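Take a look at the fold below.

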Amino acid sequence: MTGPETVDICICTYRRDHLAETLQTVLAQDLPEGLTARIIVADNDIEPSAQMVVEAATEGAPIPVTYVHAPARNISIARNACLDAATGDWVAFIDDDEIAPPDWIATLWQAARDTGADVMFGPAIAIYPAGTPDWIVAEDYHTNRVPMHDGQVSTGHTCNVLMRWHGSVIAGERYRLENGRTGGEDVEFFFRLSRLGFVMGNCDAAAVSEHTGAGRLSYRWLRQRKFAAGQFH
């Protein structure tokens, strides 16, 4: 008989007030039988500004929590610090401003097991504040879903993902530092995994949510973001 599988749930953070709420939703995960979890938080600030937030939010936590100081202001450094610290059978990522429902990890894990996928993505659903322009809500520009090409997933995002880890060749891969300030580091990372032959899937049922900031609710912001995304791709 084999023991339970383990998942390291990773959160990269940089001066984010919402981190404590994200941690609470991750701590509240309803883990299925056969799966145990640990949380890894990588603080990308020059100073360890998130350490006290993490310690306060996770005091008496039902699962282990590891804080890693990973300076500075390069998201690839923080993501790689999480991967360096990971020892689980699986690694998951969620952003530090997202909210996870209690069945988030269980749903991703079951979808990966059912399909045999090495990487399983879920969507990040936008929550729009009052006063958001109708055309933004109608097109749902801020919800993040993985792109499909000829019915297949060939790249994705790190805001909601589960990957096989311990014993997998994926464990030797890392995010490129040169993309950590410009953006597109996750698009490149998952394209690389796809080209190495790893199977990727998408599970709409494993959704997290994210409040959309007022600064993102303009045509100018969206134009710049979509143009950059095209360049990254």
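**A walk through the aromatic cluster and the cores**

Start with five residues: F93, F121, Y175, F189 and F190 are joined into a cluster by ring pairs. Keep in mind that the model is predicted. Across the whole structure, a search turns up five aromatic pairs. Take F93 and Y175. Their ring centres are 6.4 Å apart and their planes stand at 80°, so this pair is edge-to-face. Angles over 60 degrees count as such. F93 sits in strand β4, residues 90–94, while Y175 belongs to the loop between β10 (160–164) and α6 (185–195), so the pair ties together parts that are 82 residues apart in sequence.

Are these two residues buried or exposed? F93 is buried, at a relative accessible area of 1%. Y175 has 3% relative accessibility and counts as buried. The cut-off for buried is under 20%.

Now turn to F121 and F190. Here the ring centres are 4.9 Å apart and the planes are again at 80°, so this pair is edge-to-face. This pair also links distant parts of the chain. F121 lies in strand β6 (residues 119–121) and F190 in helix α6, 69 residues apart. Both F121 and F190 are buried.

Charged side chains meet rings too. R79 lies over the face of Y175, 5.6 Å from the ring centre. R195 lies over the face of F191, at 5.0 Å from the centre of that ring.

Just after α6 comes G197, with a positive phi of about 100°.

Next, the nonpolar cores. The largest nonpolar core has 33 residues, and V7 and W104 touch the most other members. Which elements give this core two or more residues? They are β1 (5–13), α1 (19–27), β2 (35–43), α2 (51–57), β4 and α4 (104–115). Of these, α4 gives the most, with six residues.

Leaving aside neighbours within four places in sequence, V7 is in contact with L35, T36, A37, R38, W90, V91, A92, I105 and L162. There is also a second, separate core. This one has 27 residues, and I40, C82, L83 and M163 are among them.

W90 is placed in strand β4. It is buried, with a relative accessible area of 1%. Which residues does W90 touch, not counting residues up to four places away in sequence? They are E5, T6, V7, D8, W109, A112, R113, A117, L162, M163, R164 and W165. One of these contacts, E5, is 85 residues from W90 along the chain, and the two C-alpha atoms are separated by 7.9 Å.

D118 lies in the loop between α4 and β6. Its relative accessible area is 16%, and D118 is buried. Neighbours within four places in sequence aside, D118 is in contact with L162, M163, R164, I170, F198 and V199.

Finally, step back to the whole protein. Its secondary structure comes to seven helices and twelve strands. The radius of gyration is 17 Å, close to the 17 Å that the globule rule gives for 233 residues, so the protein is as compact as a globular protein of that length. Along the principal axes, the C-alpha atoms fill a box of roughly 55 × 45 × 35 Å. Buried residues make up 50% of the 233 residues.

What share of the contacts with a separation of 6 or more comes from residues 24 or more positions apart? The share is 78%. The accessible surface comes to about 11500 Å², and 51% of it belongs to carbon and sulfur atoms.

Definitions and conventions. Residues are numbered from 1 along each chain as its sequence is written. This is a predicted model: local features need pLDDT of at least 70, side-chain atom pairs count only at pLDDT 80 or more; totals for chains, interfaces and linings use all residues. Side-chain values use heavy atoms; hydrogens and water are left out. Rings of Phe, Tyr and Trp (its six-membered ring) pair if their centres lie within 6.5 Å; planes under 30 degrees apart count as stacked, over 60 as edge-to-face and the rest as tilted. Helices (H or I, at least four residues) and strands (E, at least two) are DSSP runs, numbered from the N terminus. Buried means under 20% relative accessible area, exposed over 50%, partly exposed in between (1.4 Å probe, protein chains only). A charge sits over a ring if NZ of Lys or CZ of Arg is within 6 Å of the ring centre and within 35 degrees of the ring normal. A nonpolar core is a set of buried Ala, Val, Leu, Ile, Met, Phe, Trp, Tyr and Cys residues joined through side-chain atoms within 4.5 Å. Contact means heavy atoms within 4.5 Å. The radius of gyration is taken over C-alpha atoms; the globule rule is 2.2 Å times the number of residues to the power 0.38. Accessible areas come from the Shrake-Rupley method with a 1.4 Å probe; for residues, only the protein chains shown count as cover.
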